[in-house]
Protein chains: 2
Amino acid sequence: MSSDDPLPLALSGERFTAHYRIRADNTPAARARAHEICLEQTVEFPDALIPNAAIRQQIVGTPDRPVAAGDGAWDVAIHYPIEAAGGELTQFLNVLFGNVALQPGVRLMDIDLPDPLVVRLTGPRFGIAGLRRLLQVPERPLLCTALKPMGLSSRALAQLAYRLALGGIDLIKDDHGLADQPFSPFHDRVPRCAQAVARANRETGRRCLYLPNVTAPAPVVRARAHTAREAGAGGLLICPGLTGFDTLRALSADANLGLPILSHPAFVGGLALSPDTGLAPGMLYGRLNRLAGADAAIFPHLGGRFAFSTTDCRDIAAGCADAMAGLAPIFPVPAGGMTLARVRELRDFYGRDCMLLIGGDLHALEPGEDLVQRCRRFVALAAG
Amino acid sequence: MSSDDPLPLALSGERFTAHYRIRADNTPAARARAHEICLEQTVEFPDALIPNAAIRQQIVGTPDRPVAAGDGAWDVAIHYPIEAAGGELTQFLNVLFGNVALQPGVRLMDIDLPDPLVVRLTGPRFGIAGLRRLLQVPERPLLCTALKPMGLSSRALAQLAYRLALGGIDLIKDDHGLADQPFSPFHDRVPRCAQAVARANRETGRRCLYLPNVTAPAPVVRARAHTAREAGAGGLLICPGLTGFDTLRALSADANLGLPILSHPAFVGGLALSPDTGLAPGMLYGRLNRLAGADAAIFPHLGGRFAFSTTDCRDIAAGCADAMAGLAPIFPVPAGGMTLARVRELRDFYGRDCMLLIGGDLHALEPGEDLVQRCRRFVALAAG
């Protein structure tokens, strides 16, 4: 390694930008921290040892001046050469947050991309407009529920799917805990549930979609997704925290599949919990799912069994749907113990372009009410 | 869904155990919280709505009595039926920590498995003994370094690999930021570096291994790993936080590949940072990598650029190497800004069965010293 070894390729000069919130005692410390991040996320080498000027000038991230954000926090934008990401989502995420994920006092707040195609990302295949067209539901919030609980037979789950579809639910997903267990194996459950929903659709004239869970071992995800499509599934559910975000991207980009995808935050969601580390909720649940090609992103709405604040939820909704380098907006899916009693509040909070996911509470029947009737009440509340 | 729908299959009764640390104000609250986790991680359904007794008795997790751990923390063990994991690592992780990852005040500390085969995991292919045999280094700590910085040409990286191997390094990995960028594309870099290390091995008579980074988009990881093996790579580097842990498992289980695997904590490492959420370091870095089949696990040693404490580092070492359901022990790889000056301290802390990873500091040459000589000093310090 000699100092006269130039960069073998001239870089484009195009950059993408990561917005971090860092902790520092004062302006010089914030600047020093920003410089460390520029090195850590690219060359991972002490500045003095960088072997040539071309690498220092073209590869290492370049920071804007940190801006005080109060309480010892500073916001800093760092610009990275698009070539550092090598056109791969895995390495793009690695540049944005690979090593600094391990450091307290650095949080990835947001990103800017000149064009997602510079990192070879095409984003959501359907998004809000595409899903509305598919379902022929032009106006009101979409309604989603989950087949559960784990332990029911495929036959029982299919009966349940039939009644939920009959009641007017738009999207019926597998609970994300339904995988390939002996009580409802994937290859048995998926055709049964798809057929049950198709039967209900013939009766109602509606276009309810069944979304099986394809969160699975790496070697079989693609095959399960294609099996699901062939069996009549109308979409897919996946947990990118368990499979990796690129598995979601690959499903979304698969033109022979062509199914809308709902993303579930299992396992990885904890990266948004601590205010000083990890990823901001809008980045993790909104931006990242959208970049990877999800058409709707589930997250815990405030006041449920989980932890998010009003600000977090607004940020997630923005991350799903605001202007973002030409990527289609996607549905935010507030969830986590939501109830019929909260539908109006959810609609007021998110507006009509959201997907409402109610699980258990659809089964908490009132006296004289059956499941189909309760679903119809959910539809009426969402439309009202 | 009717209450007379029995479980379609009789379950084995075998269980695996998750050890959580939870926050609660008092014993009844801790018990209630434990019961909620039992539901959340399995049926994800309110207790009162569980449709039949068989599901309540056989599917829902069963908690031990919570044990006070001081400062409002409680330790609780929860036992889950092995069938809930469906024999898949993705769903196994989902049962252990899928939804509760989103809840503050729940941390996954450790797990017990009756036998990893109950969830179809075979664990590390090489482990400590296998890697020592491969390298013919029976006693001292193994020595590892990274090819960097990003931006060097494949030719320059190969020259570097040659000199590092000549100097006596045991394992030379790609920096985890080397992916498939235009300055050193994977298909160009890997054969060059593998050949350079082979040339050095012919000269030294040693068995230095080159480990290319196969952290890559989901559809190409397997092909890159096989390309690497055919090009003469002696092992693989992967970041399961970016690819998903099952991608690591699939590489480890691939008998046609048969290469040792080094796991890097990029992106996912943040799940261990906050004391009240996420996974304990020993669980995330030790147990989980070992279950997934890594032969060595990189983590930030205390006092480097990262955040871990003495206790964290001891827990990681234990998670890598203590008795665990018959799985081979693996190498802990303390890293993150380590230097030659700290080799003795690292050896004292971890004992001889560790892998020492020094990156930048190997290039911080002293007057009159060249890279080969500095590597030899590293070897002497580790052996001394």
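Copies are superposed by least squares on the C-alpha atoms of residues with pLDDT of at least 70 in both. This is a predicted model: local features need pLDDT of at least 70, side-chain atom pairs count only at pLDDT 80 or more, and totals for chains, interfaces and linings use all residues. Residues are numbered from 1 along each chain as its sequence is written, and chains are lettered from A and ligands numbered from 1 in the order in which they are written.

**View 1. The axis relating chain A and chain B.** In chain A, A:Gly244 has the C-alpha nearest the axis, 2.2 Å from it.

**View 2. The side of chain A that touches chain B.** Here 77 residues of chain A are in contact with 78 residues of chain B (contact: C-beta atoms, placed from the backbone, within 7 Å). Helix 3 (89–97) of chain A is among the helices that supply at least two residues each. Helix 3 of chain A gives the most, with six residues. (Helices are DSSP runs of H or I, at least four residues, numbered from the N terminus.) By class, this side of chain A has 42 nonpolar, 26 polar and nine charged residues. Ala, Val, Leu, Ile, Met, Phe, Trp, Tyr, Cys and Pro count as nonpolar, Asp, Glu, Lys and Arg as charged, and the others, Gly among them, as polar.

**View 3. Helix 12 and helix 13 of chain B.** The axes of helix 12 (residues 343–350) and helix 13 (residues 371–383) of chain B come within 9 Å and cross at roughly 35° (axes are lines fitted to C-alpha atoms over the stretch in contact; angles run from 0 to 180 degrees between N-to-C directions). B:Val343, B:Arg344 and B:Arg347 of helix 12 meet B:Phe378, B:Leu381 and B:Ala382 of helix 13.

How values were computed:
Two residues are in contact if their C-beta atoms, placed from the backbone, lie within 7 Å.
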